[in-house]
Amino acid sequence: MIKSINIKDFALIQDIDINFFDGLTVLTGETGAGKSIILESLHLLFAKRSDQEMIRHGKDRAIVSGVFSLNKVQQELFDLPEEIFISREIDKSGRHKISINNQVTTLGRLKEITETIGSIHSQNDTFLLLDNNEYLNFIDQVDQKEVTKLLSNYLISRSNYLDLKKHLEKIKQKKQSDIEQKDFLQYQIEELNSFNLVLGEKEELELSYEKLKHFDKISNSLKETYYELDNNVNIALLYN
């Protein structure tokens with residue numbers, strides 16, 4: 001994270017200090033106020049090749065320096081302290097000096113370090129967000145502890161989501177089952193209503209059923225009784 005930047009004799013800027021704090025910092029101003037010059041200075045600190053034409057008129061050299069804080073991963077990766085001081089010096093004679101914590105270094109080394117500190121985007125750079133190949137680069141710029149925390153939170157949220165999704169599916173299935181059961185019960189009610197049932201009808205039907213069940217036996221018994229009666233009557237008449 002950038003903490004401050006100092007610009008001396010760079011383009012139109014004579015000498016300026018800018019301090020940055022946690023959160024969002026916005027630089028505003030009218031056209032020509034120098035916003036693009038500050039951005040160009042940041043480009044230098046982020047390993048852009050220098051240009052002698054950017055030295056302020058009447059001066060022999062321009063100096064852009066900045067203070068940055070590194071996370072633990074960056075410190076271990078580059079063997080650097082938590083806070084580093086980067087300086088770029090442009091000389092009209094052609095001598096361009098790059099230093100980190102007052103130790104002269106190369107443009108390649110500076111680029112390797114600053115690529116992990118942050119990035120500068122123009123208007124069209126937002127299209128990188130649509131490039132799958134850039135996703136790992138974005139993640140690599142985040143503190144690993146923060147990544148682990150985010151991943152842990154994601155896994156917990158994902159687990160909760162899957163549990164809730166499973167519970168929702170059960171509710172949907174239960175709802176569908178209840179609808180089907182309701183339809184079946186409604187069908188049964190309509191069937192029963194179509195029979196025009198009355199109170200006590202069951203007992204009457206059961207009695208009728210019992211009679212009908214023994215109809216043949218009763219009928220045969222009656223026939224035998226009639227037969228016996230008829231014969232007995234005829235015999236009685238003969239003896240008389």
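Mentor: The expected span of a helix is 1.5 Å times one less than its number of residues. Keep that in mind as we look at this predicted model.

Trainee: How do you know that helix α6 has close to the expected span?

Mentor: Helix α6 covers residues 201-213, which is 13 residues, and it reaches 18 Å from its first C-alpha to its last.

Trainee: Let's turn to S65. What makes S65 count as buried?

Mentor: S65 has a relative accessible area of 8%. The cut-off is under 20%, so S65 is buried. This residue lies in strand β3, residues 61-69. Among the residues that S65 touches are S4, I5, L45 and F85. I5 is 60 residues away in sequence, yet 5.7 Å away in space, C-alpha to C-alpha.

Trainee: Why is T116 called buried?

Mentor: T116 has 18% relative accessibility, and the limit is 20%, so T116 counts as buried. You will find T116 in helix α3, residues 107-117.

Trainee: Now the largest nonpolar core. Which residues touch the most other members?

Mentor: They are I5, F10, F68 and I84, out of 30 residues in that core. Elements giving two or more residues to the core include β1, β3, β4 and α3. Helix α1 gives the largest share, five residues. In soluble globular proteins, nonpolar side chains tend to be buried together.

Trainee: Why is the pair of F46 and F68 called edge-to-face?

Mentor: Ring centres must lie within 6.5 Å, and planes over 60 degrees apart count as edge-to-face. For F46 and F68 the centres are 5.9 Å apart and the planes make 80°, so the pair is edge-to-face. A search of the whole structure finds one aromatic pair. F46 lies in the loop between α1 and β3, and F68 in strand β3, so the pair ties together parts 22 residues apart in sequence. Both F46 and F68 are buried.

Trainee: How do you know that K3 and E83 form a salt bridge?

Mentor: The closest N and O atoms of K3 and E83 are 2.8 Å apart. The cut-off is 4 Å, so the pair qualifies. K3 lies in strand β1 and E83 in strand β4, so the bridge ties together parts 80 residues apart in sequence.

Trainee: What makes E89 and R61 a salt bridge?

Mentor: Their side chains meet at 3.1 Å, N to O, and that is within 4 Å, so they form a salt bridge. E89, at 17% relative accessibility, counts as buried, whereas R61, at 41%, counts as partly exposed.

Definitions and conventions. Residues are numbered from 1 along each chain as its sequence is written. This is a predicted model: local features need pLDDT of at least 70, side-chain atom pairs count only at pLDDT 80 or more; totals for chains, interfaces and linings use all residues. Side-chain values use heavy atoms; hydrogens and water are left out. Helices (H or I, at least four residues) and strands (E, at least two) are DSSP runs, numbered from the N terminus. Buried means under 20% relative accessible area, exposed over 50%, partly exposed in between (1.4 Å probe, protein chains only). Contact means heavy atoms within 4.5 Å. A nonpolar core is a set of buried Ala, Val, Leu, Ile, Met, Phe, Trp, Tyr and Cys residues joined through side-chain atoms within 4.5 Å. Rings of Phe, Tyr and Trp (its six-membered ring) pair if their centres lie within 6.5 Å; planes under 30 degrees apart count as stacked, over 60 as edge-to-face and the rest as tilted. Lists of a residue's contacts leave out its neighbours within four places in sequence.
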